[in-house]
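Please look over the structure below before reading on.

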Amino acid sequence: PAHLPQKDRDQMWPEDLDMVTYVGLRVECLRDIDIFTIAFFVFFQSRLAVAVDRKAILWKGGIKAVPADKTGVVVESLVELTKDGRAVDVIVRGSNGSKRQCQSFLTYIDDVLMQT
């Protein structure tokens, strides 16, 4: 993780008027004393990057990934570890008509997260 660049969310996830479908979820620790370790998140980043054939950009505490898609529908995800380490936020967005693909990719990311 020390070798990953520090990136700003706005830099990695700029507003895009062509992206009109958004879905997301938050995986949060149950107890106040629990946290996700940075090692856990780095392992998750690696697994997701491999799962999307390395069509991903990684930075400290975040990953932007694009699924392999041959239908021409544009879908991308942003996954971030919160600064306090207590939650992982997942957002998937897509172009017009991409609701099914967005939901499918969100479920896929959730599965990778839960298997980590």
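In which sense do strand β2 and β3 pair, and over how many bridges? Strand β2 (residues 56-59) and β3 pair in the antiparallel sense, over 4 bridges. This is a predicted model, in which local features need pLDDT of at least 70, side-chain atom pairs count only at pLDDT 80 or more, and totals for chains, interfaces and linings use all residues. Residues are numbered from 1 along each chain as its sequence is written, and side-chain values use heavy atoms, with hydrogens and water left out.

**Strands**
- Strands (E, at least two residues) and helices (H or I, at least four) are DSSP runs numbered from the N terminus, and two strands pair if DSSP finds at least two bridges between them.
- The hairpin of β2 and β3 has 2 residues between the strands, and G61 there takes a positive phi near 85°.
- β3 and β4 run antiparallel and are joined by 4 bridges.
- A65 in β3 is the bridge partner of A56, and S77 in β4 is the bridge partner of A65.

**Nonpolar core**
- A nonpolar core is a set of buried Ala, Val, Leu, Ile, Met, Phe, Trp, Tyr and Cys residues joined through side-chain atoms within 4.5 Å.
- The largest nonpolar core has 25 residues, and V88 is among those with the most contacts inside it.
- α3 gives the most to this core, with 6 residues.
- Leaving aside neighbours within four places in sequence, V88 is in contact (heavy atoms within 4.5 Å) with residues including F36, F41, V79 and L113.

**Buried positions**
- T21, in strand β1, counts as buried because its relative accessibility is 14%, and buried means under 20% relative accessible area with a 1.4 Å probe, protein chains only.
- G62 and K64 point one way from β3, I63 and A65 the other way, and all are buried.

Conventions:
Buried < 20%, exposed > 50% of the residue type's maximum accessible area, 1.4 Å probe, protein only.
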